[in-house]
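Student: I have a model open and want to learn how to read it. Can we go through it feature by feature?

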Amino acid sequence: MSTEQMGKILTTLTITNRIDQANAKQGLIPAEAVRSVTIEQVLVDTGATTLCLPAVAIAQLGLDLLREVDVSTANGLSTARIFQDAHLSLLGREGNFECLELPGGQNALLGVIPLEALGIELDLQNQTLKLLPETSVDTYLTIL
């Protein structure tokens, strides 16, 4: 394994427009009209806070703009747009998240908030993702 590959985890994500899902469930649109994309080679990035998608994926999904925010990047401070109602499917777990729009043709990133919410942790040694238990005393879900 080369040093540039060490600790790098890539995954495949399916993202669906949650509003489309709800509209299809209520019979307002046909199921085949639900917008969804599958993105391969998504970098799992613990330096990223949230799900980060390229503008083209956000446009394909038809996600609604939530707000604009200042973000800290390797190039300094800039403004980014956050979109809502991205339904994420990964390793059999699902959740609804906001996503940050990436500038240019950058590749999608999966940050720590969706990973923690879905109960998924990184196994850097094996370059893979690991599901945390959802049941029994070992559950990752806690109420304190």
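This is a predicted model: local features need pLDDT of at least 70, side-chain atom pairs count only at pLDDT 80 or more; totals for chains, interfaces and linings use all residues.

Student: How many residues line the largest pocket, and which lie nearest its centre?
Tutor: The lining counts 26 residues. Nearest the centre are Thr73, Leu100, Leu102, Gln106 and Leu109. Two or more lining residues come from each of strand S2 (36-44), strand S4 (64-73), strand S5 (76-90) and strand S6 (93-102).

Student: What is the volume of the largest pocket?
Tutor: About 580 Å³.

Student: How many helices and strands does the protein have?
Tutor: Count the elements, then read their order. There are three helices and nine strands. Starting at the N terminus, the order is β-α-β-β-α-β-β-β-β-α-β-β.

Student: What caps the N-terminal end of helix H1?
Tutor: Look for a side chain that reaches a backbone nitrogen at the helix start. In H1 (residues 18-25), Asn17 is the cap. One of its side-chain oxygens lies 2.9 Å from the backbone nitrogen of Ile19. After H1 comes Gly27, with a positive phi, near 80°.

Student: What share of the residues counts as buried?
Tutor: Of the 144 residues, 33%. Now take single residues, one by one.

Student: Start with Thr50. Is Thr50 buried or exposed?
Tutor: Thr50 counts as buried because its relative accessibility is 16%, and the cut-off for buried is under 20%. Its place is the loop between S2 and strand S3 (51-54).

Student: Which residues does Thr50 touch?
Tutor: Set aside residues up to four places away in sequence. Thr50 then touches Glu98, Leu100, Leu109, Leu110, Gly111 and Pro114. With Glu98 there is also a polar pair: a polar side-chain atom of Thr50 lies 3.4 Å from the backbone oxygen of Glu98.

Student: Next, Glu101. Which side chain does Glu101 meet in a polar contact?
Tutor: Check the polar atoms of the side chain for a partner. For Glu101, that partner is the side chain of Arg81, at 2.8 Å. Glu101 belongs to strand S6. With a relative accessibility of 16%, Glu101 counts as buried.

Student: Which other residues are in contact with Glu101?
Tutor: Besides Arg81, and leaving aside neighbours within four places in sequence, the list holds Leu53, Ala55, Ile58, Ala80 and Phe83.

Student: And why does Arg93 count as buried?
Tutor: Because its relative accessibility is 10%. Arg93 is also in strand S6. A polar atom of the Arg93 side chain lies 2.8 Å from the backbone oxygen of Gly119.

Student: How far apart are the C-alpha atoms of Arg93 and Leu131?
Tutor: Compare the spacing along the chain with the separation between atoms. Arg93 and Leu131 are 38 residues apart along the chain, and their C-alpha atoms are separated by 9.0 Å.

Student: What share of contacts joins residues at least 24 apart?
Tutor: Take the contacts between residues at least 6 apart in sequence. Of those, 58% join residues at least 24 apart.

Methods: Residues are numbered from 1 along each chain as its sequence is written. Side-chain values use heavy atoms; hydrogens and water are left out. On a 1 Å grid over the protein atoms alone, a cavity is a set of points where a 1.4 Å probe fits but cannot get out, and a pocket is an open set with protein on both sides within 12 Å along at least five of seven lines; lining residues have an atom within 4 Å of a point. Grid points are joined across faces, edges and corners, and a volume is the space filled by probe spheres set on the points. Helices (H or I, at least four residues) and strands (E, at least two) are DSSP runs, numbered from the N terminus. A polar contact is a pair of N or O atoms within 3.5 Å; within protein, one must be able to donate a hydrogen and the other to accept it, and residues adjacent in sequence count only if both atoms are side-chain atoms. Buried means under 20% relative accessible area, exposed over 50%, partly exposed in between (1.4 Å probe, protein chains only). Contact means heavy atoms within 4.5 Å.
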